[in-house]
Amino acid sequence: MQNLVLSVKGMSCGHCVNSIEGALTILGVKNRVDLKNNTVTVEFDENKLTLDRIKEAIEEQGYEV
């Protein structure tokens with residue numbers, strides 16, 4: 001398992017948090033979104049999922065990683 005903290009630009013409210021959490025949960029990524037610090041902590045199996053796919057899922061929600 002890999003644990004990373006990603007910097008995410010464009011988050012401003014609870015809806016932003018829910019959008020990102022939902023997108024990552026669908027992928028099977030354990031995550032914690034920190035709105036105050038504009039970060040997302042992710043835990044995932046790098047043998048099953050790439051970091052690029054995680055970034056893409058966040059960007060599809062309208063945020064910059």
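Tutor: Here is a short tour, from the overall fold to single residues. This is a predicted model: local features need pLDDT of at least 70, side-chain atom pairs count only at pLDDT 80 or more, and totals for chains, interfaces and linings use all residues. Residues are numbered from 1 along each chain as its sequence is written, and side-chain values use heavy atoms, with hydrogens and water left out.

Student: Ok. How many helices and strands does the protein chain have?

Tutor: Two helices and three strands. Both kinds are DSSP runs numbered from the N terminus: helices are H or I with at least four residues, strands are E with at least two.

Student: And in what order do the elements run from the N terminus?

Tutor: The order is β-α-β-β-α.

Student: What does the radius of gyration say about the protein chain?

Tutor: The protein chain has 11 Å, which agrees with the value near 11 Å for a compact globule of 65 residues. The radius is taken over C-alpha atoms, and the globule rule is 2.2 Å times the number of residues to the power 0.38. Along its principal axes, the C-alpha trace spans about 30 × 20 × 15 Å.

Student: What share of the residues is buried?

Tutor: Buried residues make up 31% of the 65. Buried means under 20% relative accessible area, exposed over 50%, and partly exposed in between (1.4 Å probe, protein chains only).

Student: Let's go inside. Which residues touch the most other members of the largest nonpolar core?

Tutor: Ile20, Leu24, Val42, Ile54 and Ile58, out of 17 residues in that core. Helix 1 (14-27), strand 3 (39-44) and helix 2 (51-60) each supply at least two residues. Helix 1 gives the most, with four. A nonpolar core here is a set of buried Ala, Val, Leu, Ile, Met, Phe, Trp, Tyr and Cys residues joined through side-chain atoms within 4.5 Å.

Student: Which residues does Ile20 touch?

Tutor: Leaving out residues up to four places away in sequence, Ile20 touches Val8, Met11, Val33, Val40, Ile58 and Tyr63. Contact means heavy atoms within 4.5 Å.

Student: What about Cys16, buried or exposed?

Tutor: Cys16 counts as buried because its relative accessibility is 5%. Cys16 sits in helix 1. Beyond residues up to four places away in sequence, Cys16 touches Gly10, Met11 and Tyr63. Its C-alpha atom is 13 Å from that of Val65, 49 residues apart along the chain.

Student: Where does Ser19 lie?

Tutor: In helix 1. Ser19 is buried, with a relative accessible area of 15%. Not counting residues up to four places away in sequence, Ser19 touches Gln61 and Tyr63.

Student: Now a strand. What does Thr39 touch?

Tutor: Thr39 is in strand 3. With residues up to four places away in sequence set aside, Thr39 touches Val5, Leu6, Met11, Arg32, Val33 and Asp34. Thr39 is buried because its relative accessible area is 19%.

Student: And Lys36, buried or exposed?

Tutor: Lys36 counts as exposed, at 76% relative accessibility. Lys36 is in the loop between strand 2 (30-34) and strand 3.

Student: Last one. How far apart are the mean positions of the positive and negative charges?

Tutor: They are 5 Å apart, for 7 positive and 10 negative charges. Lys and Arg count as positive, Asp and Glu as negative; His and the chain ends are not counted. Each charge is placed at NZ of Lys, CZ of Arg, CG of Asp or CD of Glu.
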